[in-house]
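Please read these notes with the model open. They cover domains, a helix pair and a chain interface.

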Amino acid sequence: MSEPISKETVVKVSRLARLSLTPEQAEKMTSQLAGMLEHFRDIDALDLSEVEPMTQPYPLKNVMREDVEAKSLDRQEVLDQAPAAESGRFRVPPTIGFDV
Amino acid sequence: MQKLVEIVAGVTSGSTTATAVVEEHLARIKAREAEIHAFNLVTADQARKDAAKIDDDVKAGKAVGALAGVPIALKDNMCTRGVETTCSSKILQGWKPPYDATVVTKLRNAGAVIVGKTNLDEFAMGSSTENSAFGPTRNPLDISRVPGGSSGGSAAAVSAGFAAASLGSDTGGSIRQPAALCGVVGVKPTYGTVSRYGLVAFASSLDQIGPFTSDVRDAATLLEVISGHDPMDSTSIPQPAASLVSVLDQGVKGMRIGRVTDLPEGCEPDVLARLEAAFDAMRNAGATIVDVKLPSLQYCLTAYYLIAPAEASSNLARYDGVRYGNRVDAADLNAMYAATRESGFGEEVKRRIMLGTYALSAGYFDAYYGKALKVRRLISDDFARAYKDVDAILTPTSPSTAFKFGSKTDNPLAMYLCDVFTIPTNLAGHPAMSVPFGVGSDSMPVGIQVLATTMGEQAMFKVAAELERAS
Amino acid sequence: MSDNATLPNGWQLVVGLEVHVELATKTKMFSASANRFGDEPNTNIDPVTLGLPGALPVLNKHAVELAMRIGLALNCKVQPCTFHRKNYFYPDLPKAYQITQYDHPLNVDGFLMLPGDVRIGVERAHLEEDTGKSTHFGGSSGRIHGSDYSLLDYNRAGVPLVEIVSRPDIRTSEQARQYVAELRAILLAVGASDAKMEEGSMRCDVNVSVHKAGTPLGTRCEIKNVNSIRAVGRAIDYEARRQVDLIESGGTVRQETRHWDDATGRTETLRTKEDADDYRYFLEPDLVPLVPEQSWIDQVRAALPVLPAARRNALAELCGVDKDGESAFVVVERGQDDYVREVVSSGGDPRRSVIYVQQAFAEQGPTPKVPARDLAELTILERDAKVTSTQAKTLLTDLIDAGGGDVVAMAAKRGFEALDTGALEAMVDAAIAAEPGAWQKYCAGEEKALGALVGAIMKSSKGKADGKAVTAILQSKRAK
């Protein structure tokens, strides 16, 4: 069920995560991840078919807030920390070859 | 070096001043910080201003808070408005948040004097603070050794007397392990008792903020101040914080204390010897030692190193150079993302993002993340069974004392094994704390970990106080 | 291409609609910044909206209430639900993930009725958050490709959305348009949204595929940028034809997202699927499950207003008109059905009441100025043939202009009185005698000749003859 991870998969995953890896980095990452995943095979020994996944440490439900407006952050304070800004907005390079 | 409670007593009574206290701590920082590098940023000027204000209020007979005049350091992954918050990462170098974390607000309201932001493993990922982008922190007790991680700076700050107390964050042991290695008290409270609003997220279902102090009473005092329901955090437990200081002198007579019979291997013999001594101390104080089994313990490392990176891969996706932080420019957006994250993140962070992205991806989700969540249920059930028979459990905090720099950096897995005793409580959401209890064969401190069930802080602190009395 | 044109060669159309609706709350879905359209950029922002480090979401209770209203109005089951993260990178997505609902949405298994008792299934209506807005600059068309840079405004980021997903039960572009129109009417009726497609508070994505009866469903394409009800129809018609032409010329339909260009009337490839994003959905650890109590659900259901379809049915039954017809639709859409009810209660002729209001009350709003009994009086006058239809139209205008009045007096003032049947018969005989040619043509089957005869009679009667009655008399004479 769990196989060692291939370099192709590593490259694909790096694209998903928007991390650019040089060929050497991809090599190193592949062998390190493969080593870890090999170690993690220990859970394959467990029969988990009847076990419910646990996503929350403490069982809360229905946490909500009233629909009451709070003051906005100061735009200038925020834009002062932005890498690039123009006319009250954040500026980014164009989205060539991209989606809407 | 003064205790937190002594400082508060002195400042409120007028027998000392907040200014005198902060100057004392700043002097120690000046003397040794260059050697230790506990801080990313020392906020001396503001600290002096805050101390002066406390003194004015005391003189004017105004009410001051429960932490009046206490110099406190904050791990640099907690948002402080207008004060640089970097998570020890290049990607956030220079970033000043426009808001305060809830715990920061609570500290300020209580009259604490924040002296600086402490160093950590980048984005809280690590067990030695060697993953900081700004250089490691050194263990004040032996500067050739690590202080532990990820909250190494916060642990060192208390150990070196730079602050009377500090806050860290704990996702897999990042408060408790450095506390053990630096010979101070470190507490990870029940998940949901301390607000995460303003804590830069690593793994959302595991992260908790907690105190480092020089003794158990200080830890109880500080924890009482920072605990409590926060409407800004949906995972915050809607119950008032337990009273902890009040139970510290109650002792452990009649309590049942668990010894885990299937503890994972790899613990140094001198550390195990201290654990035995701890059980002896408990027996002498009137507690019963009960054997407990936690069969899923051996799988916790795997579960943790699938769940935490998975959540982290999502939490760290926002560092894209668009709205804040450092950007590496490029011709188009995708290239900008990749260049920004490539240069902004260190190796360990990249590794965990990769692992986490993989564990969540189509086709692998069930095999990795899905299974890990089930293992989490198993350990939670194991603990639930155990706590029917015991009130608290003792284990070593760390398998070894503080290790030398560079001794575990070649193999990531070797570093991960540092957390083998601390990780299970994060998975279950339970509280646990490390109490200094003697030294190892290398004369470096050993920490004993006290575990309790959900909202079992009172039992935990009773045992911890007794351990401290016997240490 | 007309709306109802069928595809050639036995091809059948299958359409599903995904409609995103911005909820009419004061604040955002997961934080307390204002939910307001049109403010200066980045003036409704907070740590959650910007995806700042350390920010945490907290669910807006009123958004949940409005979402439940939508679900219940669409006959859905409201159930315990959870939130998931949908992970992808785009600058208008501040956290690089959208908080949405995945395998346990709030509302499931509903339906919406279209005219002709056509039932369109609603698979789900779930909660999620909106993205910011990016505007592109530079480049030739101001669109995405080839532009120089983009600017981001996060005012819209975090605005509460409900995504309503229909089952692929829609079979014509006309049905699709009706679905969107009806959905909009429901959203307005329950107060969940102002549903303005032109402002983006209601957005449609259209899924289109074609197949032949008895064969498996075809590959579908998702069409975006469909910004009006009319565009929904046009886009479907174009896309269906494009797919049929493609298949018939030996090609295969590629599963993709396409962009509707309203100016050119075509869809174009937007997204190629080679580097398709894997969204890596996982349960949102910063939120807890939402389990609406039965008492809350019951309360919301009880407070729902009478929905447009039910109002149309009631009006149609009262007035003897088609529930799917234009008068019922128009009058209910304007909110004037209660007024018509009042007119009928005041003794008004039911059918005439609804038709008068449909034809003349476009500017009046839900509470017309004309007192119900005055309008009722007018309908009775026409019904009893005391005035002709033409005269009644004039009096209707008078009533509206004056904001009411005594119609009998107004009719007398204008010198209106309808001629009785005997007088009409005499006028018809006279006209036949005066225009034998026209009469012969009409008897031979030339319907156009009727107009000449009726026109002559109306002229000689100085408008006092009722055109419909005259026509009826001529028709029955020819039949003999």
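The numbered points below start with conventions.

1. This is a predicted model: local features need pLDDT of at least 70, side-chain atom pairs count only at pLDDT 80 or more, and totals for chains, interfaces and linings use all residues. Residues are numbered from 1 along each chain as its sequence is written, while chains are lettered from A and ligands numbered from 1 in the order in which they are written.

2. Chain C splits into domain 1 (8-301), domain 2 (308-414) and domain 3 (421-479). The bounds come from an automatic or database domain assignment. The centres of domain 2 and domain 3 of chain C, taken over C-alpha atoms, are 30 Å apart.

3. Four residues of domain 2 of chain C contact four residues of domain 3 of chain C (C-beta atoms, placed from the backbone, within 7 Å). The domain 2 side has one nonpolar, three polar and no charged residues. Ala, Val, Leu, Ile, Met, Phe, Trp, Tyr, Cys and Pro count as nonpolar, Asp, Glu, Lys and Arg as charged, and the others, Gly among them, as polar.

4. In chain C, helix 6 (residues 308-319) meets helix 7 (residues 326-333). Helices are DSSP runs (H or I, at least four residues), numbered from the N terminus. Contacting residues include Leu315(C) of helix 6 and Phe329(C) of helix 7. The contact has seven nonpolar, no polar and two charged residues.

5. Chain B puts 33 residues in contact with 25 of chain C. Helix 9 of chain B gives the largest share of the chain B side, three residues. That side divides into 19 nonpolar, eight polar and six charged.

Note on methods. Contact = placed C-beta atoms within 7 Å. Axes fitted to C-alpha atoms, helices over the stretch in contact; angles between N-to-C directions. Helix = DSSP H or I, 4+ residues; strand = E, 2+ residues; numbered from the N terminus.
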